[in-house]
Amino acid sequence: MAAIFQVQGKEEEVDEECPVKQVELTVPKTDDPTQPVLTFRMWVLGVGACVILSFVNQFFWYRQNPLNITSISAQIAVVPIGHLMARTITKRVFFQGTKWEFSLNPGPFNMKEHVLITIFANSGAGTVYATHILSSVKLYYKRKLTFLPAFLVMMTTQVLGFGWAGLFREYLVEPGEMWWPYNLVQVSLFRALHEKEKRQKGSFSRDQFFVIALITSFAYYVLPGYMFMMLTSFSWVCWIAPHSVLVQQLGSGQKGLGIGSVGFDWATISSYLGSPLASPWFATANVAVGFFLVMYVMTPLSYWFDVYNAKTFPIFSQSLFLANGTKYDISTIVNSEFHLDRAAYARNGPVHLSTFFAMTYGLGFATLSATVVHIILFNGSELWKQSKKAFGGSKKMDVHTRLMKRYKSVPMWWFVVLLVANIACIIFACEYYKESLQLPWWGILLACGIAIFFTLPIGIITATTNQTPGLNIITEYVIGYMYPERPVANMCFKVYGYISMTQALTFLQDFKLGHYMKIPPRSMFMAQVVGTVLSVIVYLLTAWWLMETVPNLCDTSLLPADSPWTCPPDGVFFDASVIWGLVGPRRIFGDLGEYGNVNWFFLGGAVAPLLVWLAHKAFPNQNWIRLVHMPVLLGSTAMMPPASAINFTSWIVIGFLSGFVVYRYRPEWWKRYNYVLSGGLDAGTAFMTLLLFLALQSNDISIDWWGNNIEGCPLATCPTAKEVSIKGCPVY
């Protein structure tokens, strides 16, 4: 059903039915513009949620098993507090009759306030990526980086994304086809927490089902989180031959191929790929095919045919090695100016990667070229039409966009001013602190250019598949060739070119959530800006405090064997800074390195979507061909490492059951409960994880028995080449 409306002098065609079925089933088509939004409750609870989540997530980020408390936890926790404040705070109207009139309690706690509180919480729910620079410089390279330049890098990295978000709002928020699947989890949860629903006979209402899911996951997580940790990665194949390296390489879910390995732990299932319940089936299927080809075809073939001396190193590792299979001591090749010591590097020999690690970089190359070609072939005509319509004429919009037209939009100049001021601040910081940050002014502009180029194509993929191909590799590659042997410059270029785009997608996803929930755009913008600034301050202060108080933080060579402060994500970031920044891509993937053939992945990635497009044109009636999404398929293992096989196998199984079986054969159940179940599992797991740490693990209270011997596959990391001697491994 469509109708023609006049909006701001332009003729608009409105489709009352959403083009995406999941949105049609989940998002309400109503709005109450009289509901207050920027209330006292919203500010108190929003700021509180942002600060608490920022502190807790950064605190846990350095631990062996990083805990990520999502905004869903705060989304649930603030509901009783909001209702309590509505009942107890005075309803007195201050400055009544003047233009400054306001009330601390304008009425019942409503859904729109709740959405803005959640937007604040989102700012604190994920780590500030630029903290990795601080950790790498101070903890791994053991060099000086003062507070102010660290603060400027972290703040400008996060805020830069607002500019890109403003440029692409019209393409990634307003069209109904850009549906941002994860937002439907949030929408379902808001409706379950606020809408009064009459329970159908023989079934649960959505809020009842949510409470059951929350309590069940909360109680169950005692097992994988504390009492029976082996459930995190139940790798029973390793038990068949406890002294066989081959069997443990095949069966280990954390250090091997993960054959037969199962994760009975929601944290394991959702930690790196997000909730499988929020992933549309075609995207899950692409990830499954990509994972199978990488993990069970490419990896074993390259390892057992000894490609790049694969057998000298572990089958699955992100570490850097010497030619003899021992780990590389990076501190020996860094000179006093924080550049590569070429003479020392020549003495030590080149850096070697596990073949799996090298191949994942190759897949990253392929994903980049596939992303560009896929968008041109499959979305190019639509983007061109939208570009022409953006400047006038008739324009089609869905019912949600029509309802949002009653609110004032955020002017483009707000974004432009923020963008220009932020870029100026970045240039000042990098020039003034040139010795610390190493990045020249032209590097900043180049990073911004890369971010602008990729935000739209990657935004389309994220908005339709819930999967986000990363830009980290191309940014590292470009600056590594243009400005080699400077690790901090490489890290800064990566965060400005990659994370600013990621932040833009986060802001756009939040804008789409506000779009679905009919939040005034200017109120949404204000909450995002304030939440971002607050979260950066808290993240930096927390990281700085831990670095000053935890002895040998992240240094596994000095920490006790059972220390939780091992920092796996920071270790991967540091290794990348060595490969691309200190040593440089020319000495690894170029004419001076041994991994030059990996560059052919760029060509393979460009050709792959073309083959799919040609097949689609040749067989237009075969609809499944168009669902083969090469950027998602090739980028399926982009999170490996630090993600491992167990994170994928369990995620794919649950994604198949939800996105295919239940969605196809029980659509009414899926409509009512799928996203509510995802929110309940997230919240229950997060609450119990935090409770276990505060009550038991922070006091070193643990249970010592075989069920807490995670995996039990110690030989999975052993090399199998002849005469390679590694402690704890057999010598062949």
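Throughout this tour, a residue is called buried when its relative accessible area is under 20%, exposed when it is over 50%, and partly exposed in between, for a 1.4 Å probe and protein chains only. The model is predicted, so local features need pLDDT of at least 70 and side-chain atom pairs count only at pLDDT 80 or more, while totals for chains, interfaces and linings use all residues. Residues are numbered from 1 along each chain as its sequence is written, and side-chain values use heavy atoms, with hydrogens and water left out.

**Stop 1: a salt-bridge network**

Select Asp 31 and Lys 112. A salt bridge is defined here as a side-chain nitrogen of Lys or Arg within 4 Å of a carboxyl oxygen of Asp or Glu. The structure holds nine of them. In the one between Asp 31 and Lys 112, the closest N and O atoms are 2.8 Å apart. This pair links distant parts of the chain, 81 residues apart: Asp 31 lies in the loop between α1 (21–26) and α2 (40–61), and Lys 112 in helix α4 (residues 111–125). Helices (H or I, at least four residues) and strands (E, at least two) are DSSP runs, numbered from the N terminus. Lys 112 counts as buried because its relative accessibility is 4%.

**Stop 2: two further salt bridges**

Next, select Glu 485 and Arg 342, whose closest N and O atoms are 3.0 Å apart in a salt bridge. Here too distant parts of the chain are linked: Glu 485 is in the loop between α20 (472–482) and α21, Arg 342 is in helix α14, and 143 residues separate them.

Move to Arg 586 and Asp 591, another salt bridge, with its closest N and O atoms 2.8 Å apart. Arg 586 counts as partly exposed at 42% relative accessibility, and Asp 591 as exposed at 58%.

**Stop 3: the disulfides**

Select the cysteines. A disulfide is a pair of cysteine sulfur atoms within 2.5 Å, and by this rule the count comes to three. With the bonded cysteines numbered in sequence order, the pairing is 1-4, 2-3, 5-6.

- Cys 238 and Cys 713 are joined with an S to S distance of 2.0 Å. The pair links distant parts of the chain, Cys 238 in helix α10 and Cys 713 in the segment after α28 (667–695), 475 residues apart. The torsion about the S-S bond is about 105°, so this disulfide is right-handed. Both Cys 238 and Cys 713 are buried.
- Cys 554 and Cys 567 have sulfur atoms 2.0 Å apart. Both lie in the loop between α22 (521–549) and α23 (568–583), so the pair ties together parts that are 13 residues apart in sequence. A torsion of about -85° about the S-S bond makes the disulfide left-handed. Cys 554 is buried at 4% relative accessible area, and Cys 567 is buried at 1%.
- Cys 718 and Cys 729 are joined with an S to S distance of 2.1 Å. The torsion about their S-S bond is about -80°, so the disulfide is left-handed. Both Cys 718 and Cys 729 are buried.

For contrast, select Cys 425. Its sulfur is 9.5 Å from the closest cysteine sulfur, in Cys 430, too far for a bond.

**Stop 4: the surface patch**

Select Tyr 220, Leu 223, Met 227, Trp 236, Trp 239, Ile 240, Val 262, Phe 264, Ile 703, Trp 705 and Trp 706. Together they form a nonpolar patch on the surface, with about 1100 Å² of accessible area. Patches consist of residues with over 30% relative accessible area and no salt bridge, like charges being joined within 9 Å and nonpolar side chains (Val, Leu, Ile, Met, Phe, Trp, Tyr) within 5 Å. Accessible areas come from the Shrake-Rupley method with a 1.4 Å probe, and for residues only the protein chains shown count as cover. The elements that give two or more residues to the patch are α9 (222–227) and α10 (237–240). Val 262 lies in the loop between α11 (245–251) and α12 (266–270).

**Stop 5: the core**

Finally, select Tyr 62, Ile 330, Leu 353 and Leu 553. These have the most contacts inside the largest nonpolar core, which has 203 residues. A nonpolar core is a set of buried Ala, Val, Leu, Ile, Met, Phe, Trp, Tyr and Cys residues joined through side-chain atoms within 4.5 Å. Helix α21 (residues 487–517) gives the largest share of this core, 18 residues.
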